[in-house]
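Please open the model in your viewer and keep the sequence panel beside it.

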Amino acid sequence: MKNKLVFPWEKVSEEYRLPNETHIGRVDLYETPESEKIGMILTILEGSYDPESLSLKETDKVTGKSTSFIPFIRHSDGARIEMGSKNLKQVLVVESAESPLIGPDERVGVNALVAYSLYYGYNFEDGIVVSRSFAKKMRAVVKEERKLEFEAPIMKNFKEVKEGNKRY
């Protein structure tokens, strides 16, 4: 795992898993699993790892990269911030990305004027209804990686091995 601090599950007491003064400026206090492994996997803040001394030094940062994208973070509760930091790791970069009008200077999405309102009952909870022109602006190219595991017979002299209609 990149930029992660992982503690061995059985060897860390609960007092070290909870946020404390040594975490400030070194790890993202909000980005951690929601399961029984809470506080066991922490995200190291950019610039806090010192490879020479193999230690974490204090920085002026408070949140990690994905957490910093959450708008109005100072007016949100911890659970919402924690959820947001996980959701933002799933971000897709759109083809026509724009610099944001508000927030960190990262080109990930497009600027949009939005309003939340009822729309003939089509939107539900966190669902939104968008125009076709906005949907076209949000087009993204997705590269999928698929891993296939299979057993293949050992080939001798690079001869083709046939088994029924299957070719290996």
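This is a predicted model: local features need pLDDT of at least 70, side-chain atom pairs count only at pLDDT 80 or more; totals for chains, interfaces and linings use all residues.

Numbering runs from 1 along each chain as its sequence is written, and side-chain values use heavy atoms, without hydrogens and water.

Now colour by secondary structure. You will find 4 helices and 6 strands, in the order β-α-β-β-β-α-α-α-β-β; these are DSSP runs (helices H or I, at least four residues; strands E, at least two), numbered from the N terminus.

Next, select E31, in the loop between α1 (14-17) and β2 (41-43). Is E31 buried or exposed? E31 is buried, with a relative accessible area of 5%. Show side chains, and look for the polar contact between those of E31 and T43, at 3.1 Å (N or O atoms within 3.5 Å, one able to donate a hydrogen and the other to accept it; residues adjacent in sequence count only if both atoms are side-chain atoms). Beyond neighbours within four places in sequence, the contacts of E31 (heavy atoms within 4.5 Å) include K4, I41, S66, T67 and K89.

Finally, select helix α2 (residues 65-68), which gives the largest share, 3 residues, of the lining of the second largest pocket.

Notes:
Buried means under 20% relative accessible area, exposed over 50%, partly exposed in between (1.4 Å probe, protein chains only).
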